[in-house]
Amino acid sequence: MANVKNLKKDINYVLGDIIEAVYLFEMSTTGKPTPETNALIDEAIASFDTLITKVNEKKVENKKAHFKKISVELEQAANQLIAKINGLQ
């Protein structure tokens, strides 16, 4: 079960860092939230909720493959969010 615990921590840390990057962008540019940054934060929170729900699924045939798939989904979601942050102006 250590893998589940580490996967949950990874999800929390990665998406938390992305939200922090959005806040840093806000502070370094406008100094206040914008609709675009709020949308990014909402998307990161939605990704977090979705991934944690998948981790907590009990009826999984192959747990190792299931958790590996979630890890790949986390990486894809993080890359998409980072690309959106880099596209902000």
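A residue counts as buried when its relative accessible area is under 20%, as exposed when that area is over 50%, and as partly exposed in between. Keep those cut-offs in mind as we look at some charged residues in this predicted model.

**Two salt bridges**

A search of the whole structure turns up two salt bridges. In one of them, the side chain of Glu43 meets that of Lys84 at 2.9 Å, N to O. Glu43 sits in helix α2 (residues 35-55) and Lys84 in helix α3 (residues 63-87), so this pair ties together parts that are 41 residues apart in sequence.

The side chains of Glu73 and Lys54 also meet in a salt bridge, at 2.6 Å, N to O. Here Glu73 belongs to helix α3 and Lys54 to helix α2, so the pair links parts that lie 19 residues apart in sequence.

How accessible is each partner? The table lists the values.

| Residue | Relative accessible area | Class |
|---|---|---|
| Glu43 | 26% | partly exposed |
| Lys84 | 40% | partly exposed |
| Glu73 | 19% | buried |
| Lys54 | 26% | partly exposed |

With 19%, Glu73 falls under the 20% cut-off, so Glu73 is classed as buried.

**A buried Glu without a salt bridge**

Now turn to Glu26, which is found in helix α1 (residues 2-28). Glu26 is buried but has no salt bridge. Which side chain of opposite charge is nearest to Glu26? That is Lys32, 11 Å away.

Glu26 does have a polar partner: its side chain makes a polar contact with the side chain of Thr37 at 2.6 Å. Leaving aside residues up to four places away in sequence, Glu26 touches several others, including Gly31, Pro33, Asn38 and Ile41.

Notes. Residues are numbered from 1 along each chain as its sequence is written. This is a predicted model: local features need pLDDT of at least 70, side-chain atom pairs count only at pLDDT 80 or more; totals for chains, interfaces and linings use all residues. Side-chain values use heavy atoms; hydrogens and water are left out. Helices (H or I, at least four residues) and strands (E, at least two) are DSSP runs, numbered from the N terminus. Buried means under 20% relative accessible area, exposed over 50%, partly exposed in between (1.4 Å probe, protein chains only). Lys and Arg count as positive and Asp and Glu as negative; His and the chain ends are not counted. A salt bridge is a side-chain nitrogen of Lys or Arg within 4 Å of a carboxyl oxygen of Asp or Glu. A polar contact is a pair of N or O atoms within 3.5 Å; within protein, one must be able to donate a hydrogen and the other to accept it, and residues adjacent in sequence count only if both atoms are side-chain atoms. Contact means heavy atoms within 4.5 Å.
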